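User: I have a structure to go through for class. Can you take some questions on it?
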Amino acid sequence: MFTMIIGEEGEYGRRLRKYLETHWTGSLRLHSFTKPETLRASEEEADCYLLEEGFFHSMQEEGELPPDFPARCILISGEEREDCFCRYHPPDELIRMIEKRRALLEAAGGRGGGMVTALYSPVFEPELERIAAAGMKPGDLYLGMEDVGDPRSENRNMGDLCYFIGLRSKDMAAMVKEAAREEDGIWRVDSPGLYLDLLELMPEEYQWFFQCLKESGEYGDIYVGLGSGIFSHLPLNILFDRLLIIDSRSHRRQHFACSCLERAMQSESRRFHGICERRYREEIVDAAAQ
């Protein structure tokens, strides 16, 4: 049974529910809410959330979003944007978007975890690990592959692990746990001092590494913080199920670069077939600080 939740305060939500009830193929359980507080009080969970932007922001402000919410949510907007469904488009486009999300989540292991998410900012982002943590849940793993690591860290880092990844060590998952630090149930491996260590591995070696971690059952979802030094060297479609582009509302050049990157990810030559979303750093960092 596939479960959907519609969050929309106006007439459009009612019409959308009626359309999905008559055009969705397969078993479907559908809930519709017109007020964010009603959805929060219901404690309902869904495989897919269809939320109007204002509805979504209200939920976000209250901190009521499930850990894997971004992968299961499609925003409904009055504008044509790559990361949303425009309410003025034919609703059959929305069904195709939902089916794509469903297929990706099932391929990644469903609700139980196993999705590999890359986070990338075209401008160095010192809070990248903190931004990732905002969407993580206990049991998840963060791998630092940023351009510059924390000089205060004395832990083993991804640069140290690259040697063993190249050897395809049988105890790779255990080595990751030895190198990781655990905070609030979340495991974190620091970035190397400089990204050059990360360039020593071939893409197929990273592919083996991520698959090894998924098959080990040691972790839930895997989050990878990418710097610009490694970003262009990795085949995104092969390695990652989801790409989060970290944008900024106050940094004009970063915003412009993210717009260009998002268009590139949608182009035929560089199309990213996973889930590609844009997140604004100010919304995440400021919310975490409150």
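User: Phenylalanine 124 first: buried, partly exposed or exposed?
Analyst: This is a predicted model. In the model, phenylalanine 124 has a relative accessible area of 48%, so it counts as partly exposed, the class between 20% and 50%.

User: Where is phenylalanine 124 in the fold?
Analyst: Phenylalanine 124 sits in a loop, with strand 6 (116–120) on one side and helix 6 (128–133) on the other.

User: Which residues make a nonpolar surface patch with Phe124?
Analyst: Val148, Leu194, Leu196 and Leu199 make the patch together with Phe124, and its area is about 440 Å².

User: Now the inside. Which residues of the largest nonpolar core touch the most other members?
Analyst: Leu143, Tyr206, Leu226, Phe240 and Leu243 do, in a core of 40 residues. Helix 9 (residues 203–216) gives the largest share of this core, 5 residues. Another core, of 16 residues, lies apart from it and includes Tyr12, Leu16, Leu30 and Ile76.

User: Back to leucine 226. What is it in contact with, leaving aside neighbours within four places in sequence?
Analyst: Leucine 226 contacts Ala118, Leu119, Tyr120, Ser121, Leu128, Met145, Glu146, Phe231, Leu234 and Phe240.

Terms used. Residues are numbered from 1 along each chain as its sequence is written. This is a predicted model: local features need pLDDT of at least 70, side-chain atom pairs count only at pLDDT 80 or more; totals for chains, interfaces and linings use all residues. Side-chain values use heavy atoms; hydrogens and water are left out. Patches are made of residues with over 30% relative accessible area and no salt bridge: like charges are joined within 9 Å, nonpolar side chains (Val, Leu, Ile, Met, Phe, Trp, Tyr) within 5 Å. Accessible areas come from the Shrake-Rupley method with a 1.4 Å probe; for residues, only the protein chains shown count as cover. A salt bridge is a side-chain nitrogen of Lys or Arg within 4 Å of a carboxyl oxygen of Asp or Glu. Helices (H or I, at least four residues) and strands (E, at least two) are DSSP runs, numbered from the N terminus. Buried means under 20% relative accessible area, exposed over 50%, partly exposed in between (1.4 Å probe, protein chains only). A nonpolar core is a set of buried Ala, Val, Leu, Ile, Met, Phe, Trp, Tyr and Cys residues joined through side-chain atoms within 4.5 Å. Contact means heavy atoms within 4.5 Å.
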